[in-house]
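The sequence and structure come next.

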Amino acid sequence: MIKDMLKLFIENKKAMLGLIILSMFIIVAVFAPLIAPFEPKQREDAAGEFPLRSEPTSKHLLGTTHAGYDILSRLIYGTRLTLLVGMVTGIITTFVALALGLISGYFKGRVDDVISFVNSIFLVIPSLPLIIVVASYITIKGVLPIILVLSLTGWAWGARVIRSQVLSVSEREFVKVAEVLGENPFIIVFREILPNIISLVMATFFTSTLAAIIGEATLEFIGLGNVSAVTWGTMLYWAQNNAALLYNAWWWFLPPGLFIGLLGTSFALMNFAIDEISNPKIRKR
Amino acid sequence: MRYFLRRTMWLIFAIFVALTINFILPRLMPGDPAMIIINQLDGLQPQAIDSIRAAFGLETDKSIFVQYWDYLVNISQGDLGVSISHYPAKVWDVLAKALPWTIGLMGIATVLSFIFGTMLGIAIAWKRKSKVSDAILGLFLFIRSFPYFWFGLILVYFFAFKNPWFPLGGAHSISVTTADGWAYIKSIIYHGLLPGAVITISSLGYWMLTIRNNMINVLAEDYITVAKAKGLSINRIKNTYAARNAILPSISGFAMAFGFVIGGSLVTEMVFSYPGVGFMLFQAVQQQDYPLLQAIFLFITVGVLISNFIADILIMLLDPRIRDGAK
Amino acid sequence: MAENILEIKHLVAGYETRLGSLLAVDDLSFSLAKGEFIGIAGESGCGKSTLAYAIMSLLEDNGMIFSGEINFKGKNLVGLKKADLKKMRWDQMSMVFQSAMNALNPVLKISDQLVDVMQAHQKGISVKKARQKAAEMLELVDIPVDRLDAYPHQLSGGMKQRVMIAMAMILNPDLIIMDEPTTALDVVVQRNIIKKIEELRIKFDFSVIFITHDLSLLVEISDRLAIMYAGKIIEFGQAQRIYEQPEHPYTKGLMNSFPPLLGDLEEFGGIPGKPPDLLKPPAGCRFYPRCEKRMDICHQKMPDLINTGQERQTACYLYQGGHK
Ligand SMILES: Nc1ncnc2c1ncn2[C@@H]1O[C@H](COP(=O)(O)OP(=O)(O)OP(=O)(O)O)[C@@H](O)[C@H]1O
Ligand SMILES: [Mg+2]
């Protein structure tokens, strides 16, 4: 089941493209010190201080910021934190959604009522304004609060769809058989149900990571992140606050956004591929 | 009718929950940081300080229940406290100036993107084997992966800065006022085009993808085959048999999407310095105008809840199964 | 015998899949006389629905007719122009689909779904007239006329299936294909619907191709019977004769294990083993791997469907000079 899934996934062109883009970003993140010409917070080298607001030159391929940082190096190093926050948030969100979806869908009854109820509320409360309000109350600015806030507000949709899938899988024969045989419910959940919703879990992970990457960039752009951290979102924040646009400094605000979009696209592609693979209606007669 | 009652109850309840969250959030903050914030904002008028103290629940002389009651009473009277950044203006007055802009811009842009997105989604699902459909799908999958604000920045850069075809920001040029009548309206439309385009195009992909997937599911249904076998016209099959069934679940999917779209639109306002709620939210964050911040959150939430309610009612009108409570 | 209304010759139809062409109907020929009732039986997945869709020219996407002829009232439907097909279909030949639950558009009233067929085929007919006809049809299938403006979800499963039958008959076609019209219903309802179909057929004199798993049902109502296995007809003849004296080992297997009236489809047929993968059918007789009476010759070449008696055909070497 899971193997078939992976095979189809690898064979799918869209998934492959997404996977390639993602791997490239991962490679850039891991080998940032080798690839980047300078340190992200370096303002001078043997030849002296870096110029401020420099245009692209052979030394600074994407110019420098108002503070004299090399933009290309920041872009490369920024991959690390951006990717980390996005993926970690994606993982936490998926995990919460999965746990709640499984509990609610399999055990039903009271727990389900409570979870479903909270879920519907989280579904209708617009997340970005909530995130902004929460983030502005948190006085410690940093990566961790961003991850927490994004996960706190991001799980609802995933939990909802996982729950309904679990509900339908648990009506299936093999689950009923296991129940009649008196199998431990946790074993049923992990061995019988989980493998059957794996594509949905993957889809949840891809969508929530995509949402997290965009959410992270947005928060940082507004200035609600740690503005001294090096991420694509904070790069855009500094660019905007120093009127990069009006200085015609496209090399400052264009690349970080492009990278955010590319990274997002890679997850969108994989998500789309999963949809295509797991929707029997598209494949069936 | 039971459905209608249920949805109405839910609307009321959800608004109540939103009010409560709004009340609790600042109170979750430990007392000291709140004091620090107040102290940071020195030079405040006493009335503003009261407003903040109330917002943070620092009125230690009152029990939390009394505070909650006061809060509900105040809100029901339209009293949201005093704005800090616009002192001594009342929060409600400040907000009231921004609301029409946002409702106008976002409302029109969202409706447009829903209509276009739905039409496109139906079209590309209908011709899902064609290369053009694939290209459109790919394009919007790509666009959807960018934050709205960046997309906004790019449009401003190319179409307002490099080529000064559109204004850089604002809702109308400063030289015109309501007294100018038609010129004023023209200026508003002119200024709204670019931010409107950003919101429309960015959110379009979302609707399109949803409707496309629903449509593909519906097209595999037996009743579509029956419709073809019956010899109905293409238009009847496409619209009355396929699209109508495909649109239903996407209206109910509105809940999540709408909150999402609103979020993006708010940030778009920031990029365009568009004097709506989003831009005001941005300013409130920067100037730590907590009473205003809270009021904005409340308004957006209530707005989304009401839109959801409207969507629920729309579904009721379009889907006989829901009308009968059969689904 | 009356003239043939439908003649199928060497029809090959199926689906293009990632793993190659799947021939769900493989070199199949038979004919249907005017007013005749032919039953087609076979295990799940043997290609019954594919055959029905092929006759209706409804195979789409990856489904297609690879070769062969479908002569309906003297005209070959394979390769017929779309416009001609559209005109002819439902007017002269219609179909009741496998699951009535999904065959009705959930957001349209029954009346609208009956009226739109009439409007599509009888240009300029007034809505009033069409509704009148729709009401008459409902009456024919014993649905109270006040249900005319009901939505599908307001009807029971049996009623929905009756609506589908009414819909199939509304233009007074010469042939109705019924693909398991009663499978999802309980026995009593099944019986009623079968009786109704019988009654209507006698009254309106249309031909029927009736597809089902349920052999016992078929024997009662069919004039002739075709037993399908893995895309091929393996036995064909008068229903009563086949019932009394099945020839092919597969048919015998089916007869011995009359399906439980309410049973699970998968348990159908007391024949051990599974039908073959249609992507890679076994060489020789397709039933060979499961056959109790298999012989050496059986896995070399698929036996032809040949006459073994009066109006009786079987595709098995046992009846072609083979030895036990
Ligand atoms: N779109 C498709 N693509 C590929 N294979 C298909 C498709 N539709 C059906 N098949 C295969 O074709 C074969 C015949 O299917 P068909 O629906 O005709 O069977 P059937 O006899 O009607 O079965 P049932 O009694 O369950 O309705 C099956 O093996 C099925 O798996
Ligand atoms: Mg079938």
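## Chain A against chain B

Between chain A and chain B there are zero salt bridges. The model is predicted, and with both residues at pLDDT 80 or more, four residue pairs are in polar contact across this interface. Chain A brings 47 residues to the contact and chain B brings 54.

On the side of chain A that touches chain B, at least two residues each come from helix H5 (109-124), helix H6 (127-137), helix H11 (198-222), helix H12 (232-241), helix H13 (250-278) and helix H14 (280-283) of chain A. H13(A) gives the most, with 14 residues. By class, this side of chain A holds 33 nonpolar, eleven polar and three charged residues.

## Chain B against chain C

The size of an interface is often expressed as the accessible area lost when the parts come together. For chain B and chain C, that area is about 2,200 Å², of which 57% is on carbon and sulfur atoms. Three residues, B:Asp222, B:Ala229 and B:Lys230, supply 25% of the area that chain B buries against chain C, more than any other three residues. In terms of contact, 27 residues of chain B meet 28 residues of chain C.

How many salt bridges cross the interface of chain B and chain C? There are five. Side chains of opposite charge can pair when their charged atoms come close. In the salt bridge between C:Asp61 and B:Arg128, the closest N and O atoms are 4.0 Å apart. Polar contacts across the interface of chain B and chain C involve twelve residue pairs, both residues at pLDDT 80 or more.

The side of chain B that touches chain C draws at least two residues each from helix H9 (222-229), helix H10 (234-252) and helix H14 (320-323) of chain B. H10(B) provides the largest share, seven residues. Sorted by class, this side of chain B has ten nonpolar, five polar and twelve charged residues.

## The fold of chain B

Chain B contains 14 helices and zero strands. Read from the N terminus, its elements run α-α-α-α-α-α-α-α-α-α-α-α-α-α. Along the principal axes, the C-alpha atoms of chain B fill a box of roughly 75 × 55 × 40 Å.

## The site of ligand 1

Which chains line the site of ligand 1? Residues from chains A and C surround the ligand, so the site is shared between chains. The shell has 19 residues, and the closest are C:Ser44, C:Gly45, C:Ser49, C:Thr50 and C:Gln98. By class, the shell divides into five nonpolar, nine polar and five charged residues.

In chain C, strand S1 (4-17), strand S2 (20-33) and helix H1 (48-55) each supply at least two residues of the shell around ligand 1. H1(C) gives the most, with three residues.

An N or O atom in the side chain of C:Thr50 is 2.5 Å from an oxygen atom of ligand 1. A polar side-chain atom of C:Asn62 lies 3.0 Å from a nitrogen atom of the ligand. For C:Cys46 the backbone is involved, with an N or O atom 3.3 Å from an oxygen atom of ligand 1. On its own, ligand 1 has 630 Å² of accessible area, and the protein covers 76% of it.

## Salt bridges over the structure

Over all chains, the structure holds 23 salt bridges. One of them lies within chain C, between C:Glu43 and C:Arg290, where the closest N and O atoms are 3.1 Å apart.

Methods
Residues numbered from 1 in each chain as written. Chains lettered and ligands numbered in written order. Predicted model: local features only at pLDDT ≥ 70, side-chain atom pairs only at ≥ 80, totals over all residues. Heavy atoms only, no water. Near = heavy atom within 4 Å. Polar contact = N/O pair within 3.5 Å; in protein donor to acceptor, adjacent residues only side chain to side chain. Areas by Shrake-Rupley, 256 points an atom, 1.4 Å probe, with all protein chains shown as cover. Helix = DSSP H or I, 4+ residues; strand = E, 2+ residues; numbered from the N terminus. Nonpolar A, V, L, I, M, F, W, Y, C, P; charged D, E, K, R; others polar. Contact = heavy atoms within 4.5 Å. Salt bridge = Lys/Arg side-chain N within 4 Å of Asp/Glu carboxyl O. Buried area = accessible area lost by both parts, 1.4 Å probe.
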